[in-house]
Amino acid sequence: MSGGPEKPRHIDGRVNRIGTDELIKAFGSPAGDLAGLRAFVGEQLRRPAWPLPEWAEATRSTPAADAVLAAAAPLLDGVDVTGKGRGRSLLYGFHYLGWLAPGAQAWLLTGDERYLRAFEEHLDQWVEQRDSVTGEWPGLDVIWYSLGTWARCRSLLPTLEVLTSSPLSDRVWGRLVATLVGGARWSYDEHDVFRHGNWQLVCATELLHLSAVLPSLVESAAWADRARQRIEEHLLLDIYPDGGHYERSPGYHRMVLTALQTAARIDPAVAAHPRFAAMHTWMCELVSSGGWLPHLQDSGIEWPAASLLRGSYLLNEPVFARVAAQWMSPSEFATEVATFPAWPERQDRWLSPGAVPELPQATVLPESGYTILRSPELRAVINHGPHVEHELESHSHRAVLDLVLDGWQQPLLWEAGGPPSYDDPEYLTWFQSGRGHNTVLVDDQELSTDRGVLVDPLVDTNVLAVFSGRHHGNGVEQSRTVALVRESPSYVVVTDHAPDERTFRACWHALHPWREVGPLAYDASAPDGPGLLLIDAGEPAAVELTEGVARHPVLERRAAEYGPLHSLTLTRSTGDFTTVLVPHAGAEPGDVSVDRVDGELVVALDGTVDRIGQSTWTRTVDGQLSWATGWRVRTLPTLLRAADDVDVLARPSGDRMHFEVTCSGRCGLWIRARGEIRLNGMPVDAVVEDEWAHLTLPYAGAWTVDGVRYE
């Protein structure tokens, strides 16, 4: 790294001290002064990917306009353009100039030239003082580095179209263009070879964007070639086949996708790349019924509707527009599509009645390292991915096989997520730490970067999904099984095991306080619901209730606010924990009991009783068998035997018994049934002996078997 996360310093006058003569020369010397250059650029300028005039027209008199005016208000009073005193990380973010762009936007919305003058004054001051600011990251200039050059271009380039013909002075207009040109030169020099991570990828997209908007720049063609090369490499090497971004963070995934959407607007080859479409599908898989993505791996809570709508335009895929429309108000929808060229010609087809596709009951994102289990009421997202490096500090959290749950559009089992700032004193000790996640800690140590995660093939018998995995990141092999029963009452059973005697702490987190409702039974509920009942079915344990902080999704505003995260920690000297997690729509949990009988876990919820074995689950309702299922079993007691391991679901239907069996090869099968036996609906010869019918499944696959049940 040569003393830092980027190449050795390559900042010179052609980057940070571009005067009038040099700026005119950069465009091929088409004029003799700034006014002439400005007139030339105005004639040659091409529209940015997402133009501001259409956005302003659609935004006026909406809540979004009020938000822009509120963001621009501090400019009228004056801002310290150096950003001093903001902390190590926030100082870098301040010089992205996101705080400056609302000045131009507010002027465009209102016509009030006070905003334009404030924009002009602050940009002028920033250019004068920027190189006097020193950052605290070794080897990383606070102004001229990848994220800085990207973010400033992303923020300022769209303003060039409206500011070139505005009352903005020639001098400050020239400084604006020089800032963009200097950033592009620095980026071009910096990113001459591929490297992983979000920095280079987003930087390349704005290099392409700038070259498209200012094609008369002498260096524009070279910038575009390099940008396209880096983007193509990142789509192949930095986007997983399952559509996720390399760093596994929904927040950084959406940031990168937003940048790629700009590139796709310019270059159809980006939109045509299969990984680009897969990135949109990835968000559809992870989005909750409330419209948010969970804040995994240093992420914020992301609301992907606008990104999906933009993607629907770029991919010409109406389904993404329908998915997005679930969570967008009419004004939000109109504001977003206002910047889409040719939208009117497409909108009738895109918004014609059409069902939003139903998500599968389970999704495995193997490269990203997430498994999502779904029922009508409940969703579990399980993390089993690798620790991923980063340019400065990894965004991978120190937890694995941890999970979050949501239901009724709200988080039920939650985690610390990303921090307000990477300068937060608890960034490493809470937000990234295992203690801020739903996991089992060992001797209070932090998970190693070498996790050695192994995940078994997902079991899905329709009524039940079972995830199993193990890792050695805490120095001892720990295993976890997460079983989600789908039919109502739907709930989750988490089984943890580790062989040694150490200090094991099982951590569970919710947005609402845990209250004890029985021995090792705690409930966390919103005042009007929903809530989550947690019952630990193990030996006595020490219990501790503490409080941390995490983002909470706010559905009404599609926003997130920091608030309490309530922690329940159970401590034992063994790593065995069996945890039953029962969601409920109302404020109070139902009548639930958990016992162990003959080596099985017995969970009773009103009239429903589930008997849960190591690889079997049997449900009775009001004393009658509802269904029984087993995975990787040879026996389903009193119902089925097999010559090899199978997954099976048995369900009575009237006087018949219906079996769904999945086998890995030719397999002998015995079912407790009589009369005509049907295999995949066809009668077969079955030998019946002692109330057991024997038949053969001829090859690997999923089969149905039916016969008259024995009472």
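## Aspartate 131

Aspartate 131 counts as partly exposed, at 41% relative accessibility. Here buried means under 20% relative accessible area, exposed means over 50%, and partly exposed is in between (1.4 Å probe, protein chains only). This is a predicted model: local features need pLDDT of at least 70, side-chain atom pairs count only at pLDDT 80 or more, and totals for chains, interfaces and linings use all residues. Residues are numbered from 1 along each chain as its sequence is written, and side-chain values use heavy atoms, with hydrogens and water left out.

Aspartate 131 sits in the loop between helix H8 (113-129) and helix H9 (146-163). Helices (H or I, at least four residues) and strands (E, at least two) are DSSP runs, numbered from the N terminus. Not counting residues up to four places away in sequence, aspartate 131 touches Asn16 and Trp144. Contact means heavy atoms within 4.5 Å. Valine 440 is 309 residues from aspartate 131 along the chain, and their C-alpha atoms are separated by 48 Å.

## Helix H15

Helix H15 covers residues 274-286. At 1.5 Å a residue, its 13 residues should span 18 Å; the end C-alpha atoms are 19 Å apart, which agrees. The expected span is 1.5 Å times one less than the number of residues.

H15 is largely enclosed by the rest of the structure, because 10 of its 13 residues are buried. Among them are Phe276, Trp282 and Leu286. Arg275 and Glu285 of H15 are buried too.

## Two helix pairs

Helix H11 (residues 198-213) and helix H13 (residues 250-266) have axes that come within 9 Å and cross at roughly 25°. That makes H11 roughly parallel to H13. Axes are lines fitted to C-alpha atoms, for helices over the stretch in contact, and angles run from 0 to 180 degrees between N-to-C directions. Angles under 35 degrees count as roughly parallel, over 145 as roughly antiparallel, 65 to 115 as roughly perpendicular and the rest as oblique. The crossing of H11 and H13 is left-handed: the near helix is turned anticlockwise from the far one by less than a right angle, while clockwise would be right-handed. The contact of H11 with H13 has 11 nonpolar, 4 polar and 1 charged residues. Ala, Val, Leu, Ile, Met, Phe, Trp, Tyr, Cys and Pro count as nonpolar; Asp, Glu, Lys and Arg as charged; the others, Gly among them, as polar.

The axes of helix H3 (residues 34-44) and helix H10 (residues 170-190) come within 10 Å and cross at roughly 60°. That makes H3 oblique to H10. Their crossing is left-handed. H3 brings Leu34, Ala35, Leu37, Arg38 and Val41 to the contact, and H10 brings Asp170, Arg171, Trp173 and Gly174. These residues divide into 5 nonpolar, 1 polar and 3 charged.

## Backbone details in loops

A cis peptide bond joins serine 488 and proline 489, with omega about 0°. Proline 489 is in the loop between strand S10 (478-485) and strand S11 (491-497). The bond from glycine 529 to proline 530 is cis, with omega near 0°. Proline 530 lies in the loop between strand S14 (521-525) and strand S15 (531-536).

Aspartate 298 is not a glycine, yet its phi is positive, near 65°. Aspartate 298 is buried, with a relative accessible area of 4%. Glutamate 691 also has a positive phi, about 70°. Glutamate 691 is partly exposed, at 36%.
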